[in-house]
Amino acid sequence: MRTSPLRTTTSGAAVVALGLSALAVGVGATAPASAHGGSTAALIKSFTSMDAEFGIAVLGKRVVFAATAETGGDEPWITDGTAAGTKMIKDIVPGAGSSNPRDFTTVGSKVYFKAETAATGEELWVTDGTAGGTHLVENIGPNAFSSEPSSLTAVGNRLVFVADDNVHGRELWSSGGTAATTQILDNLRLGNQSSSPHDITLTSSGVAFFAAFGDNVAAELYRTDGTPAGTTLVKDIDPGGVGSNPQGITPLAAGSVVFSAENGLSGRELWRSNGTAAGTVLVKDVTPGASDSSLAKFSKVGAKVFYSSSSPGQDPELFATDGTTAGTGLVKDIVPGNQGSIIESITDIAGTAYFTAQTAAQGRELWTSNGTAAGTRLVRDISPGPSSGILGPLVANGRFLAFGATTPATGREPWVSNGLSTGTALVRDTLPGNTEIQAVTSFGSKVLYQGTVEGKPTLFGVDVQRYFDVRSAKPRTKVVKGGKARVGKRLKVVTGTWEKGAKLTVRWLRAGKPIPGATKRTYKLTRKDRGKRVSVRVTGTMAGHNAVTATSVPRKVKRS
């Protein structure tokens with residue numbers, strides 16, 4: 001790292017300003033030699049307060065979030081990944097007051113969230129990213145009685161959520177973005193007793209599953225298509241008992257889900273449902289009898305669901321299921337014995353699971369799995385030895401991965417990975433010291449990171465796709481043995497310096513169109529080229545990278 005560009009002043013705010021200014025122009029922030037395509041961590045904006053855990057939503061190629069800046073309170077903001085494109089959407093509670101927006105959820109071209117005002121209490125709001133398109137949806141809890149919307153979930157073109165209208169208790173609601181389209185779906189527990197729906201999960205068929213208390217049943221599995229008629233109990237898994245209490249409801253395939261539940265006989269184990277009572281079954285009793293398996297961290301990866309589970313004589317390790325008994329089981333015992341590897345952040349990258357796991361020898365690091373023991377491996381020990389390299393979440397961007405990682409030399413900084421050890425790299429040491437950067441969300445080709453600069457939460461953007469472009473050069477053509485480009489002469493491609501290890505392929509072009517069979521490093525000009533412009537296109541490919549194509553300046557072939 002280079003010496004800090006920050007200068008000591010009598011004002012903490014001035015120190016922050018100086019640090020951000022230096023970062024914005026790249027002073028004191030070093031990029032590793034492996035940086036690709038000029039992609040780096042670009043400063044977006046620093047805030048007085050901002051916490052991604054309060055919710056963040058992608059709206060096209062922009063991101064909506066909550067923050068407090070130099071003026072105003074905690075309000076909804078939007079960014080396109082640039083400083084100029086980052087602004088407060090609307091000052092819902094004008095001045096220094098805060099509306100405390102939370103739980104941002106995208107439905108089509110809108111983002112729903114909950115916000116609080118003195119007049120309404122905490123209610124449901126919606127935005128299209130503009131001040132004019134940001135408004136209260138409906139005051140569900142009248143007379144400033146907060147309905148406290150929660151579990152906001154997109155179901156088709158509607159929002160499904162939980163709210164309390166002070167009449168029915170906490171029940172399931174649906175909204176199309178206006179008061180007229182906002183309605184209670186079903187009063188699952190009659191009167192003002194709450195059914196308290198939770199774990200709302202959308203499937204590929206457009207139906208959402210959730211857990212709730214019914215009028216005559218304890219916590220069981222329900223489903224909804226976003227309409228009152230389509231909101232029903234799926235199955236009373238533990239009839240007459242304390243309820244199966246479904247947890248970790250996760251989409252599988254063809255509109256089905258897997259989840260953990262208790263039936264009063266098998267303990268907490270893995271279940272599957274296709275939305276019918278007959279199709280809701282115990283998948284596998286991993287820990288036989290009434291004892292529980294400790295199931296958690298469910299995540300759909302390709303055609304399977306990966307999760308963490310214990311088994312007899314073994315603390316939680318990586319498991320996977322395809323929804324069948326035979327296709328459910330331990331993937332790999334990463335830490336043999338009773339300790340367990342403490343699986344976190346299971347993420348789908350093109351059908352392959354990436355996750356963090358912890359071992360005594362390596363700490364918490366990045367791992368990957370194709371669902372087999374042989375195909376489960378450590379990607380890279382980022383912080384060598386028992387100290388942990390990764391503590392925060394993993395964020396997918398296409399076929400690449402983004403996260404914050406820690407080394408003794410840099411502290412926690414933005415990292416990316418293409419799944420290869422050599423392709424798992426620091427993007428940039430943004431500022432000397434520990435900026436505590438973590439990946440937040442993916443939008444377009446970029447990933448949004450949140451970190452700390454001089455004690456202030458700060459947003460950074462990284463074009464992850466561009467980072468993994470093959471480093472290229474502008475090719476040119478040269479006449480072999482000199483002279484003018486004319487019929488009978490040979491042109492040679494000078495590729496320039498491309499990334500080490502990249503495989504280069506050549507295609508000659510006549511008037512911008514491929515010349516049949518012309519794929520060698522040299523090309524003999526023919527009568528068809530007379531008077532035409534000939535160029536060469538070079539494409540570089542490399543494992544784990546995006547292919548890049550560059551074309552030379554066209555050279556006109558003499559007529560005589």
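Two strands are said to pair if DSSP finds at least two bridges between them, and the strands themselves are DSSP runs (E, at least two residues), numbered from the N terminus. The structure read here with these terms is a predicted model, in which local features need pLDDT of at least 70 and side-chain atom pairs count only at pLDDT 80 or more, while totals for chains, interfaces and linings use all residues. Residues are numbered from 1 along each chain as its sequence is written, and side-chain values use heavy atoms, with hydrogens and water left out.

The aromatic side chains come next. Rings of Phe, Tyr and Trp (its six-membered ring) pair if their centres lie within 6.5 Å, and planes under 30 degrees apart count as stacked, over 60 as edge-to-face and the rest as tilted. A search of the whole structure finds ten such pairs. One of them is the stacked pair of F210 and Y222, with 5.6 Å from centre to centre and 20° between the planes. This pair links distant parts of the chain, since F210 lies in strand β15 (residues 208-213) and Y222 in strand β16 (residues 219-224), twelve residues apart.

Y307 and F319 form a tilted pair, 5.7 Å centre to centre with 35° between the planes. Because Y307 lies in strand β23 (residues 304-311) and F319 in strand β24 (residues 314-321), the pair ties together parts that are twelve residues apart in sequence. Y307 is buried at 1% relative accessibility, and F319 is buried at 3%.

Elsewhere, F47, F65 and W77 form one aromatic cluster. A charge sits over a ring if NZ of Lys or CZ of Arg is within 6 Å of the ring centre and within 35 degrees of the ring normal. The charged end of K45 sits in this way over the ring of F47, 5.8 Å from its centre, and that of R102 over the ring of F54, 3.7 Å from its centre.

Terms used: Helix = DSSP H or I, 4+ residues; strand = E, 2+ residues; numbered from the N terminus. Buried < 20%, exposed > 50% of the residue type's maximum accessible area, 1.4 Å probe, protein only.
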